[in-house]
Amino acid sequence: MKDTTIPKATAKRLPLYYRYLKFLFDSGKKKVSSTELSEAVKVDSATIRRDFSYFGELGKRGYGYDVESLMTFFAKTLNEDRLTNVALVGVGNLGHALLNYRFHQSDSIRISAAFDVKPDIVGRILDGVPVYDANDMVEQIRAQHIDVAILTVPPAHAQENADRLVEAGIKGIMNFTPIRINVPKDVQIQNVDLTNEMQTLIYFLSNYKED
């Protein structure tokens, strides 16, 4: 890979490219053009070529891209060749849904520990995942060498749990709460606000209708 900084917009598209390449590989396809990729993932071909250019020469002019080699390259880029254990903080309705989901689109991501305060679920194993008392969060995350966490607690408890995750050594948090939590600069935050996304969609439907 070139010694350059990959734009965040490009980085966000990499899993999309990888998933489609894996689909092509599983279906037996040997090569694919940027135009074919563009039609499938709904990203214009010029953007795809620019995204790929950050990683060097990944294809051949007039030939396209070798599906298997490109899929393998992005698998390594996205750390798909190693397992990442994830902590889930908050086992409410959304937390339960995430446990059931099990990240089927990736074999490299696994929720390996969950934390909650409710006595009726603490100490149980839900969908193969042990649920620990929230008071044991720092100790367990350190012991299990977990670097990534999903935060699905009530908004009023978002910051205090984020603080404990940082104390435990977490380096990345997927924040499903509507609160914008404060963390040190070396901790990455991905905010996922489902209500906001739905409201944005409804606004677009009302204000950006095609003629």
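In this predicted model, the end C-alpha atoms of residues 16-55 lie 16 Å apart, and the span is 70% helix and 5% strand. An unreviewed UniProt entry lists residues 16-55 as "DNA-binding region"; UniProt positions are given in the numbering used here, feature names are shortened, and annotations may be inferred rather than shown by experiment. Helices (H or I, at least four residues) and strands (E, at least two) are DSSP runs, numbered from the N terminus.

Residues are numbered from 1 along each chain as its sequence is written. Because the model is predicted, local features need pLDDT of at least 70 and side-chain atom pairs count only at pLDDT 80 or more, while totals for chains, interfaces and linings use all residues, and side-chain values use heavy atoms, with hydrogens and water left out.

Tyrosine 18 counts as buried because its relative accessibility is 8%, where buried means under 20% relative accessible area, exposed over 50%, and partly exposed in between (1.4 Å probe, protein chains only).

A search of the whole structure finds nine aromatic pairs, a pair being rings of Phe, Tyr and Trp (its six-membered ring) whose centres lie within 6.5 Å, with planes under 30 degrees apart counted as stacked, over 60 as edge-to-face and the rest as tilted. The rings of tyrosine 17 and phenylalanine 52 have their centres 5.2 Å apart and their planes at 85°, so this pair is edge-to-face. It links distant parts of the chain, since tyrosine 17 belongs to helix α1 and phenylalanine 52 to helix α3 (residues 45-53), 35 residues apart. Both tyrosine 17 and phenylalanine 52 are buried, and Tyr17, Phe52, Phe55, Tyr65, Phe73 and Phe74 form one aromatic cluster.

Two strands pair if DSSP finds at least two bridges between them. Strand β4 (residues 109-116) pairs with strand β6 (residues 129-133) in the parallel sense over three bridges, and alanine 114 stands opposite valine 131 in β6. Strand β5 (residues 125-126) runs antiparallel to β6 and is joined to β6 by two bridges, with isoleucine 125 opposite proline 130 in β6. β5 and β6 form a hairpin with two residues between them, and aspartate 127 in the turn has a positive phi of about 50°.

Helix α5 (residues 93-101) has Gly95, Leu98 and Leu99 as its buried residues. Seen down the axis of α5, these fall within an arc of 100°, so they line one face of the helix, the arc being that of the directions from the helix axis to the C-beta atoms. The buried residues of α5 pack against β3 (84-89), β4, β5, β6 and β7 (148-151).

The "binding site" annotation in the unreviewed UniProt entry covers Gly90, Val91, Gly92, Asn93, Leu94 and Gly95. Glycine 90 is found in the loop between β3 and α5, whereas leucine 94 lies in helix α5.

| Residue | Relative accessibility | Class |
|---|---|---|
| Glycine 90 | 8% relative accessibility | buried |
| Leucine 94 | 30% relative accessibility | partly exposed |

**Threonine 177**

Threonine 177 is placed in the loop between β8 (172-175) and β9 (188-191), and it is buried, with a relative accessible area of 2%. A polar contact of 2.7 Å joins its side chain to that of asparagine 175; such a contact is a pair of N or O atoms within 3.5 Å, where within protein one must be able to donate a hydrogen and the other to accept it, and residues adjacent in sequence count only if both atoms are side-chain atoms. Leaving aside neighbours within four places in sequence, threonine 177 is in contact with Leu151, Val153 and Ala158.

Conventions
Contact means heavy atoms within 4.5 Å.
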